[in-house]
Amino acid sequence: MTEPAMGAGTSDKDSQAEQPRFNRRLLPPMMLGSVLNPVNSTIISVALIPIGNALGAPPSKTAWLVSALYLATSLGQPVVGRLIDIFGPRRLFLISTALVGVAGVLGTLAPNLGVLIAARVLLGFGTCGGYPAAMALVRSEAKRTGRDSPGGVLTALAVANQTIAVIGPLLGGLLIAVGGWRATFALNIPLAVAALLLGWWRLPKSAGTGERPRRGRIAAQLDLPGMALFAVTLTSLLLFLMNPHLRNWYLLVLTLLAGSAFALRELRAATPFIDLRVLGGNRPLLATYGRALVAYVVAYSFLYGFSQWTEEGYGLSPFRTGLVQMPMFLLAIGVSIWSGRRKGVRGKLLGGALGQIAACLILLTLSGSSPLWELLLVALVFGVPQGLNNLALQNSVYFQADPERTASSAGLLRTFAYLGSMVASSASAASFGQRADTGGMHELSWIMLGAGAVFLLMTLFDRSLGRTGTSD
């Protein structure tokens with residue numbers, strides 16, 4: 001027997017009111033955790049020259065401060081993401097953010113460049129949990145509410161990252177002016193405390209993406225041998241990228257051997273760390289990872305290369321260097337908010353690719369005697385791809401990844417992004433050498449232009465993009 005039907009209008013309103021919504025209490029820890037890495041990426045961009053001056057290290061040496069964080073994060077993101085897929089985000093979030101606080105103390109007290117690099121490594125591992133945890137929470141909330149359309153939440157995460165990018169260089173310059181470059185490391189201490197408290201109070205004790213560890217088989221589900229081989233493969237590759245020279249040929253051989261062993265292991269494992277069989281059949285996701293790599297070669301080359309040249313080649317202070325980059329990040333926020341309301345990712349990626357190419361061409365016209373407005377112009381143009389690419393790549397992974405491996409897939413996106421950052425760091429060190437002059441910046445700009453052209457071609461010829469995100 002059926003119950004009497006209510007009025008159509010009342011029924012629709014009641015059903016909409018009764019349908020559960022995204023738990024907004026989760027947003028503060030999600031956003032704060034996800035921005036811990038970007039804030040350390042952008043702050044260090046204006047601190048490299050002061051650190052080098054204080055510790056007697058040229059740009060080719062201080063580049064390790066960039067590479068060290070991304071090496072650690074490239075390794076840690078997919079590993080922590082896999083752990084989050086299995087155990088849920090809460091405990092991994094708390095452990096990783098605690099490491100951020102420890103790294104902040106170590107960096108603040110570091111007596112030399114070696115200890116400072118170690119602090120950046122620890123900081124890299126500590127910032128691994130925030131982004132995969134946020135993506136896992138988005139997926140679990142979508143499953144709980146029955147609303148698989150997280151465009152607003154994903155846009156909020158992207159805007160939070162862009163906002164931190166705005167604050168980063170400017171805040172870094174201000175901290176250096178007030179307390180020296182060590183203050184840029186000390187900032188991590190209160191940020192870690194805030195993230196720990198928010199995570200402890202607001203994150204649910206169990207909220208994964210559906211997969212749970214079976215008793216007695218946790219070690220098998222983690223695939224520790226696969227993780228170890230992945231770490232060896234990635235470490236040897238990144239070490240070569242940091243110093244690409246024929247004398248380091250053995251690193252490429254080690255990369256090939258470890259990578260082959262990793263592939264064999266993952267294809268045979270019952271519960272692989274990275275399911276290459278599924279990943280290999282998911283060509284759209286692989287293409288997204290490839291686009292992330294080349295997109296971030298351009299983005300990080302500009303972030304670090306332009307900052308160093310602005311200080312050393314153009315003669316601005318760290319604080320004014322941060323001010324010069326503000327137009328880029330402010331426009332990026334606006335672009336992210338505007339594009340986040342629109343379905344699909346193809347148009348965003350094409351706009352981002354063209355924006356990168358245009359900005360690189362303008363960068364080639366700059367010199368030490370260029371008027372200040374030209375520096376502001378190139379920063380403003382770079383804001384378009386900065387706002388479009390980050391959001392489009394993030395949305396692509398959400399819709400293309402296996403729902404039960406959302407966190408580890410998001411971690412792999414960051415890994416490929418950091419591979420791009422390692423290439424950018426190596427290119428910056430090779431282009432500048434002992435001094436960040438205009439000739440070196442132009443050499444770096446040609447590398448960026450080549451990467452931007454590859455990004456455009458990969459987007460133009462990927463037919464799967466027309467179907468990605470259309471349900472948003």
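Let's start with a charged pair: the side chains of Asp-223 and Arg-265 meet in a salt bridge, at 2.8 Å from N to O. A salt bridge here is a side-chain nitrogen of Lys or Arg within 4 Å of a carboxyl oxygen of Asp or Glu. Asp-223 sits in the loop between helix 10 (218–222) and helix 11 (224–242), while Arg-265 belongs to helix 12 (residues 249–268), so the pair ties together parts that are 42 residues apart in sequence. Asp-223 is buried, with a relative accessible area of 0%, whereas Arg-265, at 32%, counts as partly exposed. Buried means under 20% relative accessible area, exposed over 50%, and partly exposed in between (1.4 Å probe, protein chains only).

A word on the model before going further. It is a predicted one, in which local features need pLDDT of at least 70 and side-chain atom pairs count only at pLDDT 80 or more, while totals for chains, interfaces and linings use all residues. Residues are numbered from 1 along each chain as its sequence is written, and side-chain values use heavy atoms, with hydrogens and water left out.

How many salt bridges are there by this rule? The count comes to three. Another of them joins the side chains of Asp-462 and Arg-291, at 2.9 Å from N to O. This pair links distant parts of the chain, 171 residues apart: Asp-462 is in the segment after helix 19 (438–460), and Arg-291 is in helix 14. Asp-462 is buried at 11% relative accessible area, and Arg-291 is buried at 0%. The side chains of Arg-435 and Glu-312 also meet in a salt bridge, at 3.5 Å from N to O. Arg-435 lies in the loop between helix 18 (406–432) and helix 19, and Glu-312 in helix 14, so this pair ties together parts that are 123 residues apart in sequence. Arg-435 is partly exposed at 43% relative accessibility, as is Glu-312 at 22%.

Now for the chain as a whole. It has 19 helices and zero strands; helices (H or I, at least four residues) and strands (E, at least two) are DSSP runs, numbered from the N terminus. Of the 472 residues, 57% are buried. Among contacts (heavy atoms within 4.5 Å) between residues at least 6 apart in sequence, 85% join residues at least 24 apart.

Leaving aside neighbours within four places in sequence, the contacts of Phe-306 include Val-324, Leu-363, Leu-366, Leu-375 and Val-378.

Finally, look at the outside. The accessible surface of the chain comes to about 19,100 Å², with 66% belonging to carbon and sulfur atoms; areas come from the Shrake-Rupley method with a 1.4 Å probe, and for residues only the protein chains shown count as cover. Val-105, Leu-109, Ile-189, Val-193, Leu-197, Trp-200 and Trp-201 form a nonpolar surface patch with about 750 Å² of accessible area together. Helix 9 supplies the largest share of the nonpolar patch, five residues. Val-193, which lies in helix 9, is partly exposed at 45% relative accessibility. Patches are made of residues with over 30% relative accessible area and no salt bridge, with like charges joined within 9 Å and nonpolar side chains (Val, Leu, Ile, Met, Phe, Trp, Tyr) within 5 Å.
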